[in-house]
Amino acid sequence: ATAKARVDQWTRDIAGETEGKALVKLLAQKPLIARMLASFAESSPFLWELATAEPPRLLTLLQADPDPYFAALISRSSAAVLRAKDDLQAMRTLRRMKAEASLLIALCDIGGAWPIMRSALALTELADGAVASAVRYLLADAARDGRIALPNPGRPDEGSGYVVLAMGKMGAFELNYSSDIDLIVFYDPDVAALKKDIEPGTFFVRLTQRLVKFL
């Protein structure tokens with residue numbers, strides 16, 4: 001099927017839903033959005049899946065003021081990760097943050113709402129938010145187990161003795177869509193308030209291994 005035919009079929013499929021009706025009306029009013037969706041259908045299975053998987057999410061993003069919405073998305077997702085009851089819930093929250101933020105960035109970039117360097121900054125902010133959220137959750141989890149005492153439980157990374165430093169394009173706020181992230185991890189055994197029988201090197205290596213698993 002052609003890209004336009006895929007978009008047409010999708011709009012027919014969602015036309016019975018409240019958000020679907022609103023999307024169909026919006027596509028009729030804004031041909032640029034319809035062309036973007038057709039470009040996703042033709043050239044990017046990843047973005048096509050993100051755009052069509054949850055019509056309410058797509059409608060929200062298309063109607064949002066992108067800059068404050070993006071900042072709020074990273075903030076509320078980070079808070080939700082910290083509140084997660086277990087690793088699976090934390091990772092699920094991170095995946096949803098990545099999916100929604102990736103779709104918003106693509107819409108702003110391709111639709112011309114953001115210049116390329118703003119999109120690169122947003123990709124970097126997304127990566128930074130994901131790393132920071134995972135680090136805070138893992139430190140808080142270790143504190144709940146009594147392995148480390150944190151000076152600020154509300155922001156577990158502060159004063160923890162654990163430092164994750166971004167290098168390369170992430171460090172320069174210039175990530176692109178295909179970039180890896182390059183991180184260097186440090187720990188300060190004199191700062192970290194670990195349980196007396198825990199060796200700092202072993203503790204922080206294992207913490208970092210869990211961080212890699214999360215990301």
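By class, how many nonpolar, polar and charged residues does the lining of the largest pocket have? The lining has 15 nonpolar, 4 polar and 2 charged residues. Here Ala, Val, Leu, Ile, Met, Phe, Trp, Tyr, Cys and Pro count as nonpolar, Asp, Glu, Lys and Arg as charged, and the others, Gly among them, as polar.

The model is predicted; local features need pLDDT of at least 70 and side-chain atom pairs pLDDT 80 or more, while totals for chains, interfaces and linings use all residues. Residues are numbered from 1 along each chain as its sequence is written, and side-chain values use heavy atoms, with hydrogens and water left out.

The protein has 10 helices and 4 strands. Helices (H or I, at least four residues) and strands (E, at least two) are DSSP runs, numbered from the N terminus. From that end, the order of elements is α-α-α-α-α-α-α-α-β-β-α-β-β-α. The C-alpha trace spans about 65 × 35 × 30 Å along its principal axes.

The largest pocket has a volume of about 610 Å³. A pocket is an open set of points on a 1 Å grid over the protein atoms alone, where a 1.4 Å probe fits, with protein on both sides within 12 Å along at least five of seven lines; lining residues have an atom within 4 Å of a point. Grid points are joined across faces, edges and corners, and the volume is the space filled by probe spheres set on the points. Of the 21 lining residues, K98, S102, L126, A127 and A130 are the closest to the pocket centre. At least two lining residues come from each of α4 (45–53), α7 (87–110) and α8 (116–144). The largest share, 6 residues, is supplied by α7.

Helix α7 also packs against α6 (residues 66–83): their axes, lines fitted to C-alpha atoms over the stretch in contact, come within 9 Å and cross at roughly 170°. The two helices are therefore roughly antiparallel (an angle over 145 degrees, on a scale from 0 to 180 between N-to-C directions). The contact (heavy atoms within 4.5 Å) includes F70 and L73 of α6 and L94 and M97 of α7. By class, this contact has 14 nonpolar, 2 polar and 2 charged residues.

The salt bridges number 13, each a side-chain nitrogen of Lys or Arg within 4 Å of a carboxyl oxygen of Asp or Glu. One joins R96 to E54, with the closest N and O atoms 3.1 Å apart. This pair links distant parts of the chain, 42 residues apart: R96 lies in α7, and E54 in the loop between α4 and α5 (55–63).

Conventions:
Angles under 35 degrees count as roughly parallel, over 145 as roughly antiparallel, 65 to 115 as roughly perpendicular and the rest as oblique.
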